[in-house]
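Colleague: I would like to learn how to read a few features of a model. Can we take them one at a time?

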Amino acid sequence: MRVSSKFGSIAGIIGVSLIVLLIAVALFGPLLGLASPTANNLMARLAPPSFNTTKGLHLFGTDQLGRDVLSRTIHGARVTLTIGATAVLLGGAIGIVIGLVAGYYGRWVDAVLMRIVDVQLSIPLSLLALLVVGTIGPSLQNLIFVLALTSWVQYARVVRGQVLVVREREYIQSAHAIGLGDVRIIFQHILPNVLSAALVIATIELARVIILEAALSFLGLGVQPPSPSWGRMLAEGRSYMSSAPWIAIFPGAAIFITALSVNLTGDWLRDLLDPKVT
Amino acid sequence: MSRYFLIRIGQSLLAIWGIVTIVFVVTRMLGDPAVLLLPLGTPDSQIQELRSSLGLERPMVVQYLDFLGHAVVGDFGLSYQSFRPAMEVVLERMPATAILTASSLALGAVLGAATGFAAALARGRFLEFVVMCFALAGQATPVFWLGILLVLFFAVELGWFPTGGWDGPASLVLPTMALGIFVAANITRLFRSSMIETLSEDYIRTARAKGLMPRTIFMVHAARNALIPVVTMLALLAAELLGGSAVTETVFSWPGVGRLLVQAIDSKDFPVIQAGVFLIATIFVCINFLVDLLYTLLDPRIRLGR
Amino acid sequence: MAEPLFRIRNLKIRIQNGGETGYPVNDISYDLCENETLGIVGESGSGKSMHVLAMLGLLPRGLAVESGEIVFAGRDLLKMNAQELRNVRGKEIGIVFQDPMTSLNPVLTVGRQISEVLVRHKRLDWRSARARARELLELVGIPDAERRMRAFPFQFSGGMRQRVMIATALACEPRLLIADEATTALDVTIQAQVIDLIRSLKERFGMSVLWITHDIGVVAGFAETVQVMYAGQIMERGPVRSVFYNPASAYTWSLLKSLPRPDQVAGEPLYQIPGQPPNPFRLAKGDPFAERNPFATPRCFEERPALRPVGDVQGHEVAAWYDLKTRIRETGGAE
């Protein structure tokens with residue numbers, strides 16, 4: 001127990017540090033004075049990673065249009081983290097409210113909302129995303145909307161479960177007794193109790209959403225060119241896999257590191273807060 | 001007990017109905033199918049003609065009920081691409097997806113169970129650390145990236161396996177590895193934590209107090225309990241994979257349902273999209289139902305009812 | 001009383017928690033004779049359950065035997081390797097744990113859980129093991145044994161599950177049965193039935209019984225010898241009647257005084273032992289009970305007392321510096 005929890009907190013610290021690092025890269029990376037992520041340079045197409053500066057400094061090499069892979073990867077972090085965070089926050093806000101309402105009011109409200117959750121859960125999430133983006137068309141807003149749509153369910157389920165427990169506690173009963181309104185009870189007294197569970201769900205969802213975003217972008221249904229996205233870069237790099245593997249390797253590694261750090265943080269948070277998530 | 005299953009069947013039917021409705025609403029959100037079907041600049045009179053022949057002038061409710069009626073028997077119209085029944089187009093891609101699902105689940109389950117078991121037994125030792133590092137890495141690796149790397153290494157560099165497509169059993173190896181590793185990573189972590197939890201139960205102490213051999217304790221007393229959540233997870237993964245792992249199938253040019261759907265979305269072949277989503281979601285619902293059945297078989301507490 | 005069946009000498013169990021070291025069992029020695037029923041009484045944390053777990057090699061993580069010996073039928077259990085110890089567990093020593101709800105495996109049939117002991121130790125095939133298991137179920141008073149063999153633990157009531165546990169523990173006709181808080185989780189009426197059952201089985205099998213409980217009342221009608229433990233030490237031991245009517249340790253006295261009695265005046269509060277239960281990480285250097293003992297003398301805080309005989313009753317010993325009766329007279333009771 002002791003050994004693994006110590007290991008867990010070290011892993012958690014590594015995870016949090018990596019996330020902080022990624023955010024710093026996303027925020028300040030563009031200030032490094034690298035080539036623009038969208039600047040084509042046909043003279044320097046498919047240049048391998050090197051410190052050689054004759055064709056401009058390309059630490060991660062260049063892609064088929066001569067764009068700097070490092071610069072694109074850094075900008076990709078921006079795009080990915082923004083999309084991921086927005087989608088998770090949006091999905092979280094919707095899911096938490098629905099979970100609170102379902103758990104608090106119970107009865108038919110709960111029954112209806114939970115049936116909707118069941119229906120949504122019976123469609124594979126990636127398929128739902130594919131279907132919706134495929135029909136409403138790929139764009140940044142649509143992407144965020146779809147990712148949020150796939151993630152609210154988990155929050156709603158878990159939050160509802162927690163509310164059912166919290167609702168029976170004495171201080172909630174006494175809040176009723178002194179005549180506080182439902183809205184006040186829900187947001188002031190119940191919400192704080194479900195936030196730690198919601199936070200754990202948020203990390204699980206963030207990792208999932210980031211990978212799903214990359215997958216959709218990979219299929220051409222996510223972030224649209226020329227905006228750099230890791231999934232898109234992977235798709236483009238795929239055709240040059242044998243001649244210029246770096247185009248696909250670096251963005252893939254970036255997805256890997258992001259998902260890993262989020263997972264590590266999530267595991268650690270789960271141990272720390274120990275909500276009954278499942 | 002039987003009441004529980006009646007409720008579950010009801011829920012499943014409700015879910016399928018919900019899916020059909022979602023498919024209907026989403027495709028109607030696109031706008032007028034008649035406009036989408038005909039090339040740009042088609043005269044209005046022609047559009048009107050098609051509208052009435054497609055029954056689009058009827059009230060929405062009637063259209064919806066009509067759609068429902070056809071969906072129930074799997075009739076989603078003709079594919080815009082091949083002009084064959086959409087469901088037929090989808091169904092002929094099913095075997096490829098099913099084979100890939102079966103092989104990667106088998107690989108993932110065996111690998112994941114073995115490593116998860118080993119990690120639980122090697123608690124606090126270096127082996128556990130190594131296994132967990134691999135599992136964490138496996139969980140964070142996007143399957144399609146892994147797929148690309150596998151193709152690069154084993155197909156392009158070494159030339160051991162084909163880069164993609166279906167060309168005999170050798171083509172199955174790389175996609176199976178990519179998906180199998182993903183499945184295994186999930187199973188490893190779940191099985192390990194579930195084993196560790198089970199091993200701390202009182203009845204394990206009882207088993208030890210009875211002087212049973214460690215083999216019996218691990219395999220019979222602990223594993224049987226610890227496997228219950230793993231089986232659920234496997235079935236859910238099966239459902240997810242049977243839905244056609246669109247990206248993996250694309251990476252390996254695998255002639256499965258996932259890739260078909262991506263292509264259909266690209267070419268706006270709505271009948272095929274509808275048929276595909278309906279089929280996959282129905283399979284998903286059925287598997288979820290089977291999971292519940294399986295669960296009750298594994299856990300006598302549920303099987304025999306409290 | 002004949003030969004000692006087992007002998008514990010200077011047993012010390014260490015717990016390691018971070019940088020701290022504690023001693024939940026702190027140097028105990030005692031004997032258990034063939035056919036004897038010994039009741040061990042103490043609060044949680046007294047080391048009463050811990051030392052039997054050590055005996056069976058079942059100490060949880062973080063706990064280890066530091067020193068001492070546990071000689072069972074001539075062999076030191078602490079020197080045995082894992083396989084030798086496994087051959088003793090369940091065969092020569094049977095144990096019944098506290099919580100029958102969690103101590104049986106939920107996914108295996110009751111029949112399987114009893115039979116497997118016989119397959120393991122008696123080398124029976126499954127068929128004859130099942131036949132014997134059925135007899136055992138009948139023996140412990142489970143009606144309709146044939147059908148119940150195929151049932152799962154959750155289909156049994158608490159008392160019935162405990163009977164299953166007893167059948168399992170007795171399957172190989174052990175020489176020693178350990179009941180670790182075996183009736184604590186049961187209703188009072190069921191508790192009495194289970195105690196009666198074990199008493200009759202003891203007669204029938206001719207085994208020794210080690211009965212561990214926090215409830216001194218349970219021991220009274222049943223054990224021959226009682227041993228009171230506190231903070232990992234033996235405070236007092238002796239024949240039941242002598243210890244009950246003539247307690248020599250202030251701790252035993254407190255336990256007896258906190259029992260509700262039929263002749264109690266209604267409304268009169270029960271005696272409560274003042275202070276906190278012992279903490280194995282902060283052991284007093286003197287008598288461990290001194291700080292909660294209204295009769296403690298200065299010496300109690302300074303030096304740890306060893307067991308000494310009480311009066312002229314054979315086998316009655318106490319670890320105390322004071323003479324309880326004198327102290328009660330001097331202080332005028334415990335108010």
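Colleague: In which loop of chain C is the place of C:E181?

Modeller: Keep in mind that this is a predicted model. C:E181 sits in the loop between strand 7 (176-180) and helix 7 (188-205) of chain C. Its backbone deserves a look. C:E181 is not a glycine, yet its phi is positive, about 50°.

Colleague: Is C:E181 buried, exposed or partly exposed?

Modeller: Count the C-beta atoms around the residue. Buried needs 20 or more other C-beta atoms within 10 Å, and exposed means 12 or fewer. C:E181 has 19 other C-beta atoms within 10 Å, so C:E181 is partly exposed.

Colleague: What about B:F83, where is that residue found?

Modeller: B:F83 is in a loop of chain B, between helix 4 (60-72) and helix 5 (86-91). B:F83 also has a positive phi, about 55°, without being a glycine. Now apply the count again. B:F83 is exposed because 8 other C-beta atoms lie within 10 Å.

Colleague: Now a helix residue. Where does B:P271 lie?

Modeller: B:P271 lies in helix 14 of chain B, which spans residues 270-298. B:P271 counts as buried because it has 23 C-beta neighbours inside 10 Å.

Colleague: Which residues does B:P271 touch, not counting those up to four places away in sequence?

Modeller: B:P271 touches B:F76, B:G77, B:L78, B:S79, B:Y80 and B:A86, with residues up to four places away left out. Take B:P271 and B:A15: they are 256 residues apart along the chain, and their C-alpha atoms are separated by 20 Å.

Colleague: How is chain B divided into domains?

Modeller: Domain 1 of chain B covers 2-71, and domain 2 covers 87-298. The centres of these two domains, taken over C-alpha atoms, are 34 Å apart. Their contact takes 11 residues from domain 1 and 10 residues from domain 2 of chain B.

Colleague: Which elements give two or more residues to the side of domain 1 of chain B that touches domain 2?

Modeller: Helix 1 (2-29) and helix 2 (33-37) of chain B do. Helix 1 of chain B has the largest share of that side, eight residues. By class, this side of domain 1 has eight nonpolar, two polar and one charged residues.

Colleague: Let us turn to chain contacts. How is the size of an interface often given?

Modeller: Often as the accessible area lost when the parts come together. Here we can read residue counts. The contact of chain A with chain B takes 33 residues from chain A and 38 residues from chain B. Helix 4 of chain A gives the most to the chain A side, eight residues. By class, that side divides into 22 nonpolar, eight polar and three charged residues.

Colleague: How many residues of chain B are in contact with chain C?

Modeller: 19 residues of chain B are in contact with 24 residues of chain C. On the chain B side, helix 10 (202-209), helix 11 (214-242) and helix 15 (300-303) each give two or more residues. Helix 10 of chain B has the largest share, six residues.

Colleague: How do the residues on the side of chain B that touches chain C divide by class?

Modeller: They divide into six nonpolar, four polar and nine charged.

Technical notes: Residues are numbered from 1 along each chain as its sequence is written. Chains are lettered from A and ligands numbered from 1 in the order in which they are written. This is a predicted model: local features need pLDDT of at least 70, side-chain atom pairs count only at pLDDT 80 or more; totals for chains, interfaces and linings use all residues. Helices (H or I, at least four residues) and strands (E, at least two) are DSSP runs, numbered from the N terminus. Two residues are in contact if their C-beta atoms, placed from the backbone, lie within 7 Å. Domain bounds come from an automatic or database domain assignment. Ala, Val, Leu, Ile, Met, Phe, Trp, Tyr, Cys and Pro count as nonpolar, Asp, Glu, Lys and Arg as charged, and the others, Gly among them, as polar.
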